[in-house]
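Okay, thanks for coming, everyone.

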Amino acid sequence: LQVTREYRKMRRGFIRLQATFRGRKVRKWFLRTRRRIMLFQCRCRGWTVRENKRRRLKAIISMQSLFRVKLAKKLLVKKRKEKKLRDEAERLRKEEEERLKKEKATAEEAKRKAEQLRQEFLLKKEKEAKEAEEMEKQQGKAKAAEAKRKMEEAQNRQERPVEESEVVEEMFGFLGDKELDRNTKALEDAELLGGNLPTLDDDIDLSEYKFPKFAATYFQSNATHTYIKKKLKHPLLALKHEVDQFLALDIWVMILRFMGDLPEPVVNEPVEEEGPSLRKRIYNTLSRKSKSKLEKEVAMEFGGG
């Protein structure tokens with residue numbers, strides 16, 4: 001029994017010793033692997049930073065080169081115009097000097113009057129060039145102010161609550177009252193007569209004109225043809241001007257609110273109960289407008305009779 005106890009005690013001691021040795025071995029392996037991974041991460045991050053710096057430096061150099069080329073072209077055009085003006089002024093001076101000599105004027109007097117004519121011509125052309133440059137600057141400032149105003153209007157329109165009357169006017173204002181009434185009446189007549197709306201001819205092959213193909217060809221930022229229920233960060237199509245990009249994003253927000261996928265902005269004024277959706281309000285507005293027009297026409301017809 002005593003031997004068994006000693007054996008078990010010795011066995012527990014060896015097991016603890018093995019666990020301690022294995023723990024130190026695993027910890028040493030972990031620290032060595034961690035140090036290597038950290039060193040590898042440092043190398044990767046350093047390469048990424050150097051690559052980004054090289055790419056940005058290349059982009060800056062390209063922009064500088066384009067700017068310098070444009071500046072050099074502008075300076076070259078200016079120099080050519082100046083040379084052309086000097087040549088023309090010199091030609092006028094020579095013609096004036098020869099004309100004065102033929103009129104039996106002295107050489108010094110002819111030279112002085114011809115030089116005076118040359119200086120007046122150059123001053124006149126220089127004044128015209130300054131006026132044209134000043135007008136061009138004013139036009140540039142006006143365009144920049146107009147672009148800034150449009151951007152601010154687009155941002156304000158995106159943040160403010162949507163009014164159904166404004167939406168109806170923006171969407172259907174180009175038709176006019178007569179055109180809208182005529183189209184509404186044509187649709188009502190077609191429904192009453194049981195006729196079908198005009199469709200495309202069956203002979204036309206539309207297999208090549210698919211929307212997923214169009215989306216894969218022209219959409220940006222890996223956007224697909226499927227409908228999403230969130231705001232876009234970038235326009236779907238490539239737009240050059242920043243104002244057009246803001247307007248495209250604003251239109252998409254209006255579409256989401258119209259479909260009921262995006263809540264309308266919260267107004268500070270207290271609202272007793274939630275009103276109908278934007279789509280229903282537009283439909284009610286159009287219905288009221290058509291009904292009021294029809295009532296006026298009927299009243300005028302029977303009143304005139």
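So, to start: is phenylalanine 211 buried, exposed or partly exposed? Phenylalanine 211 is partly exposed, because its relative accessible area is 44%, where buried means under 20%, exposed means over 50% and partly exposed is in between, with a 1.4 Å probe and protein chains only.

Quick housekeeping. This is a predicted model, so local features need pLDDT of at least 70 and side-chain atom pairs count only at pLDDT 80 or more, while totals for chains, interfaces and linings use all residues. Residues are numbered from 1 along each chain as its sequence is written, and side-chain values use heavy atoms, with hydrogens and water left out.

Now the overall picture. The protein chain has seven helices and zero strands; these are DSSP runs numbered from the N terminus, H or I of at least four residues for helices and E of at least two for strands. Of its 305 residues, 10% count as buried.

Back to our phenylalanine. Phe211 sits in helix 5, residues 211-218. There are four aromatic pairs in the structure, meaning Phe, Tyr or Trp rings (six-membered ring for Trp) with centres within 6.5 Å: stacked if the planes are under 30 degrees apart, edge-to-face if over 60, tilted for the rest. In one of them, phenylalanine 211 and phenylalanine 219 have ring centres 5.9 Å apart and planes at 75°, so that's edge-to-face. Phenylalanine 214 and phenylalanine 219 are edge-to-face too, since their planes are at 80°, with centres 6.1 Å apart. Phenylalanine 219 itself counts as buried because its relative accessibility is 15%, whereas phenylalanine 214 is at 36%, so partly exposed. Ring pairs tie Phe211, Phe214, Tyr218 and Phe219 into a cluster.

Which helix would you like to look at next?
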